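Here is a short report for a reader new to this structure. Look through the sequence and the model, then read on.

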Amino acid sequence: MKNLLCGKEIVKSFGEGNEKTRVLNQVSLEVERGEYLSVMGPSGSGKSTLLYALSGMDIIDNGSVSLDGLELSGLEDEELSDLRRRKMGFVFQQPALLRNLNILDNIILPMMRDNRKQVGTLVQKAKTLMRLSGIEGLEEREITQMSGGQLQRAGICRALMADPDIIFGDEPTGALNSKAAQEILDLFDQIQKAGTAILLVTHDVQVAARTNRVLFMQDGRIVSELRFQKEKLDYKARAEQVMVQMRRVGI
Ligand SMILES: Nc1ncnc2c1ncn2[C@@H]1O[C@H](COP(=O)(O)OP(=O)(O)O)[C@@H](O)[C@H]1O
Ligand SMILES: [Mg+2]
């Protein structure tokens with residue numbers, strides 16, 4: 001079966017001349033449909049840059065990225081943003097929600113550009129997602145009246161509105177206390193079980209332990225990989241394995 005996402009020998013540099021540094025050095029990876037994986041590595045190793053490259057948020061210097069067999073670099077700007085809106089969801093450390101809109105409007109806002117969808121349908125969908133995410137009844141809330149965990153759930157609802165094939169998360173629990181972080185990870189489990197692929201970038205061993213495959217990055221390269229058996233859900237043992245592997249590759 002064809003993979004969902006395929007990155008081949010991705011190269012990305014920042015800066016010019018003597019200042020030019022290669023942040024991604026021929027990175028290749030494949031993500032299967034419905035897969036749950038994470039990318040770990042020290043700060044500055046290129047994790048976020050990789051996520052931006054794979055999701056078409058950033059232009060790469062060399063190599064290729066394709067989603068569902070469609071090469072991103074071959075698309076016009078409009079086609080790319082359409083593809084991203086329909087097939088990809090994004091969750092960041094802190095969700096970029098608008099202060100002058102309530103939670104419900106924030107969740108449906110990105111979909112309002114798609115005029116094939118009726119507002120009523122969008123509202124129903126948003127309400128369903130809010131219920132599944134544990135923020136039912138907070139539709140009218142101002143964003144200043146929500147906790148970090150609640151805001152992150154709202155961000156996840158927004159990312160799920162288009163029924164994406166894949167969710168990209170950049171340190172999605174990085175700004176949360178450990179209880180809220182656990183709840184967000186439970187929510188990701190639920191989303192992944194429903195069939196959506198999830199790729200999380202993290203430097204947190206506990207987060208990596210929840211996924212089924214961990215890629216280790218160092219200086220712009222994937223240097224190692226760890227696979228967990230899906231049935232083995234002892235997260236403490238998995239976290240141990242992740243730490244052992246980190247020591248082994250020296251990160
Ligand atoms: N827009 C940018 N301009 C210049 N340098 C950048 C930019 N984005 C990232 N970098 C550099 O690329 C390297 C990798 O960054 P990043 O992908 O954010 O690492 P990570 O997410 O693993 O912490 C860092 O040295 C960072 O300073
Ligand atoms: Mg980062």
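Strand β1 (residues 5–14) and strand β2 (residues 21–31) run antiparallel and are joined by eight bridges. Helices (H or I, at least four residues) and strands (E, at least two) are DSSP runs, numbered from the N terminus. Two strands pair if DSSP finds at least two bridges between them. Across this pairing, Ile-10 stands opposite Val-27 in β2. Six residues lie between the strands of the hairpin, where Gly-15 takes a positive phi near 85°.

This is a predicted model: local features need pLDDT of at least 70, side-chain atom pairs count only at pLDDT 80 or more, and totals for chains, interfaces and linings use all residues. Residues are numbered from 1 along each chain as its sequence is written, chains are lettered from A and ligands numbered from 1 in the order in which they are written, and side-chain values use heavy atoms, with hydrogens and water left out.

## The four-stranded sheet

Four strands make an open sheet in the order β2-β1-β4-β5, with antiparallel pairing. Its edge strands are β2 and β5 (70–71), each of which pairs on one side only. Strand β4 (residues 62–67) runs antiparallel to β1, with five bridges joining the two. Leu-5 has Leu-67 in β4 as its bridge partner.

Most residues other than glycine have a negative phi. Gln-26 is not a glycine, yet its phi is positive, about 60°. Gln-26 sits in strand β2. It counts as partly exposed because its relative accessibility is 47%. Here buried means under 20% relative accessible area, exposed over 50%, and partly exposed in between (1.4 Å probe, protein chains only).

Asp-68 also has a positive phi, near 55°. This residue lies in the loop between β4 and β5. With a relative accessible area of 24%, Asp-68 is partly exposed.

## Helix α1 and what follows

How many of the eight residues of helix α1 (residues 47–54) are buried? Six are, and the helix is mostly covered. The buried residues are Lys-47, Thr-49, Leu-50, Leu-51, Ala-53 and Leu-54. Just after α1, Gly-56 takes a positive phi of about 70°.

## Salt bridges

The structure holds 14 salt bridges. A salt bridge is a side-chain nitrogen of Lys or Arg within 4 Å of a carboxyl oxygen of Asp or Glu. One of them joins Lys-12 and Asp-58, whose closest N and O atoms are 3.6 Å apart. Lys-12 lies in strand β1 and Asp-58 in the loop between α1 and β4, so the pair ties together parts 46 residues apart in sequence. Lys-12 is buried at 9% relative accessibility, whereas Asp-58 is partly exposed at 26%.

Asp-189 and Arg-210 meet in another salt bridge (3.0 Å, N to O). This pair links distant parts of the chain: Asp-189 is in helix α6 (residues 178–193) and Arg-210 in helix α7 (residues 205–210), 21 residues apart. Both Asp-189 and Arg-210 are buried. Glu-225 and Arg-213 also meet in a salt bridge (3.4 Å, N to O). Glu-225 belongs to strand β10 (residues 221–227) and Arg-213 to strand β9 (residues 213–218), 12 residues apart. Arg-213 is buried at 7% relative accessibility, while Glu-225 is partly exposed at 37%. Salt bridges that share partners also join Arg-33, Asp-68, Lys-87 and Asp-165 into one network.

Which residues gather in a patch of negative charge on the surface? They are Glu-76, Asp-77, Glu-78 and Glu-79. Patches are made of residues with over 30% relative accessible area and no salt bridge; like charges are joined within 9 Å, nonpolar side chains (Val, Leu, Ile, Met, Phe, Trp, Tyr) within 5 Å. Lys and Arg count as positive and Asp and Glu as negative; His and the chain ends are not counted. The place of a charge is taken as NZ of Lys, CZ of Arg, CG of Asp or CD of Glu. Glu-78 lies in helix α2 (residues 77–87). It counts as exposed because its relative accessibility is 55%.

The nonpolar patch on the surface consists of Leu-98, Leu-109, Met-112 and Val-119, with about 320 Å² of accessible area together. Accessible areas come from the Shrake-Rupley method with a 1.4 Å probe; for residues, only the protein chains shown count as cover. Met-112 is in the loop between α3 (103–108) and α4 (119–132). Its relative accessible area is 41%, so Met-112 is partly exposed.
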